[in-house]
Amino acid sequence: MIWTVRLAAGFKNLPVVREATLEVKAGEFVAVIGPNASGKTTLLKTLASLLKPLTGVVYLDSTPLSRMRRNEIAKSIGVVLTEQPAPGRLKVFELVALGRYPHTGPLGRLSERDREETMRVLSDVGVSHLAGRLFSELSDGQKQKVLIARALAQNPRVLMLDEPVTFLDPRARVEVLLTLRKICRERRVAVIASLHEIELALRLADRLIVVANGSVESYAPPEEFVEQGGPRALYGMSDGSCFNPDLMSIELRSLPSRGPVFVVAGGGTGAPLYRMLSRQEYQIITGVLHKGDIDYSVASALGATVIWEEPFTPIRPQTIEEALEKARTAFAAIYTSPPIGPTNSANQRLAGLLALRGIPLIVLGKGQVEGAWSRIRTLGEVSQALEELENAILERERVVEP
Amino acid sequence: MALGLIALLMALFTLSILVGGGSLSLTDAFAALLGSSSPENNTIVQSIRLPRALASLLCGAALGVSGAILQTLFRNPLADPYVLGISSGSSLALGVSILLGVTLGWWGPYNPYSLYLSAFVGALAVMVLMISISGLVRSITTILVVGVMVGYVAYAATSILQTLVEIERLRIFVYWTLGSFSGARWSLLAPSLPLLAACLALSAVIAKPLDALLLGEDYARSMGMRLGAARLGLVALASMGVALVTTVAGPVGFVGLCAPYLARQLSKTSSHRLVIPYAMLMGSILVVSADLASRLVIRPLELPITAVTSLFGAPLVIYLLLRGRSVLG
């Protein structure tokens, strides 16, 4: 429906994006992602005909936008910009009715149909109850919905939004995005939104447009982008913090400064503990995990040393040996009481062996292991116990030294 | 509300005809208005007071509309033809016309049309300058200071012109620079009536683009507005209003600022469908009462009208600056 051929966009002959050849279909939800200042806004404004293309053409169906009158474009493309307008004492209904601009006569008088349309978009977006309120008195989330309603009042086939949820709280963020998806599906409107929230973008969009280093690539479905390792390249940070493709979210790493801790986990029981230990700068060694387990995914993303087995295969004795070997430097071991079945029963034995070799074993939860140093229930208690152990070691060294 | 304001305006208008510097009694004045008093009294009321009252009413409305347009174009409640130096630019152009006899048209320098044209060109030039500056500088305080400076430059240029010319031309010109409706005569007012009719017709179609501009220029364009054409039309209309006022009465300060502010307060909206007529009404009420006050306070002498309008205008500027919200609310 809206498509471009070798589009270059920018200001004053300085192209910000080049060679953008894109196509967006009716009823498609498109997320535009990319680092700050990569040209997302420039691209959107050019698609909406608010900026002239430097070269190339933007087509709406078979007509180039440059051949259409502003009024016609306004009947096809509605926009929500980043900057929130401050229209003074304008009521929500009045502001949304402004969207009827391309449909009203020179006096701007609203016909019965214009009023009905305005009320309809207000209810589509779920803000009918705000119609009589002053726009300036609304919350940011409500304002954003009202601005979406205003754009819809133009009765467009394409809705373009520049960072529509950046300044919203998490709940409003999801609400606004779900509203957009509903509109997209029900009205068969193509929605093109630039987002900073890559996690949400990947979950929501039918198509992903990635703007980086002047180039524009399109991925449909967005999972293709993840499979090609795109997010890692796009959002890879210098300290190794990175995008976890299994969970489609970002894991933060920190540089380990405290002694290694061995974690016996599995079945998702380790993930929260890994994040806490990583944050507290403990070096993490963990095993034996099956590939595909969330614990495996989170631990690897955090940069832990992982001893692993192929999925659904029993843990082999030599893997247990390897785990014991790697655990030798650990000053403490933690058993997270994973559910035990035929493929991972060896982990219970591994915990017992660690205790037997003199590594203080903390049992988190209800797991049954011989020789546990302490049994506790919460993550907070784990961090206390680890500090106790560290202090004990320091004390011992001070006694030995003189 | 609107009806009350119209009644107030009509009362003030009548008062402006009946009361004046001379020692005419109310009954005499009323009789003279109907043409049944002495020939001398008839002349005073019909040829001096009536055009004067009408001029103050029309100029007030023109200032109200010009101010409302400027405030939305500049997206700031402090924009006003006087503050932004537009009135001064208009006066300078008038000075060039009257003092140097340089005109833009084919009429003589004292021809009303020639005066209108000069005043219009002067206002338009400063307005275009200020809009270009506001495109470069975002801070409204900077723009206001620049506007005041442009006003000073125009004022300085006008003063230099004054020293250059003979005393007779100077005497005529000083009439304008002081700012007073005492010079309003039918001969000056009559040519403005077709212009005013055109302005009124245009005021009906500016509400739609002005409302769109409340959301900012990008939004306005995305709604189908042709920004260049709309801005040109609005600036031309505002300049016509300022030119009318400067020609008839000289610079009149702060009415263009106060009238739209009061209009938004009274109509409780920023929608120009209401703001424009209310701003006209408030502008007329302010100017007619200021003109009355300028005549009555130290009778039989007269105060310059800006001396009166500044008394309520300048404090409002200070209040709006202190409130610090650059919102048209």
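This is a predicted model: local features need pLDDT of at least 70, side-chain atom pairs count only at pLDDT 80 or more; totals for chains, interfaces and linings use all residues.
Let me begin with the open sheet of chain A in which six strands follow the order β7-β8-β9-β4-β10-β11 with mixed pairing, where two strands count as paired if DSSP finds at least two bridges between them, and where strands (E, at least two residues) and helices (H or I, at least four) are DSSP runs numbered from the N terminus. Residues are numbered from 1 along each chain as its sequence is written, and chains are lettered from A and ligands numbered from 1 in the order in which they are written.

At the edges of this sheet stand β7 (77–80) and β11 (215–219) of chain A, each of which pairs on one side only. Neighbouring strands are turned by 15° against each other on average, direction ignored; axes here are lines fitted to C-alpha atoms, for helices over the stretch in contact, and angles run from 0 to 180 degrees between N-to-C directions. Strand β10 (residues 207–212) of chain A pairs with β11(A) in the antiparallel sense over five bridges, and within that pairing A:V211 has A:V216 of β11(A) as its bridge partner. Helix α5 (residues 140–153) of chain A packs on the sheet and touches β7 and β8 (158–162) of chain A, its direction making about 165° with that of β7(A); contact is meant as C-beta atoms, placed from the backbone, lying within 7 Å. Helix α6 (residues 170–187) of chain A lies across β4 (29–33) and β9 (190–194) of chain A, and runs at about 155° to β9(A).

I now turn to another sheet of chain A, also open, where six strands in the order β16-β15-β14-β17-β18-β19 pair in parallel. Its edges are β16 (305–309) and β19 (374–376) of chain A, each with a single partner strand, so one side of each is left without a neighbour in the sheet. The twist from one strand to the next averages 20°.

Within this sheet, β14(A) is mostly covered, since five of its seven residues are buried, a residue being buried if 20 or more other C-beta atoms, placed from the backbone, lie within 10 Å of its own, exposed if 12 or fewer, and partly exposed in between. β14(A) pairs with β15(A) in the parallel sense over five bridges, with A:P260 opposite A:Q283 in β15(A). Four bridges join β14(A) to β17(A), again parallel, and there A:F262 has A:A333 as its bridge partner. Helix α13 (residues 346–356) of chain A lies across β14 (258–264), β15, β17 (332–335) and β18 (361–364) of chain A, at about 140° to β14(A).

Which residues touch the most other members of the largest nonpolar core? Of its 169 residues, they are A:V96, A:V191, A:I192 and B:C59, a core being a set of buried Ala, Val, Leu, Ile, Met, Phe, Trp, Tyr and Cys residues joined through C-beta atoms within 7 Å. Helix α3 (residues 39–73) of chain B gives the largest share of this core, 13 residues.

Finally, 24 residues of chain A are in contact with 25 residues of chain B. On the chain A side, the largest share, three residues, comes from helix α2 (residues 70–76) of chain A.

Definitions and conventions
Two residues are in contact if their C-beta atoms, placed from the backbone, lie within 7 Å.
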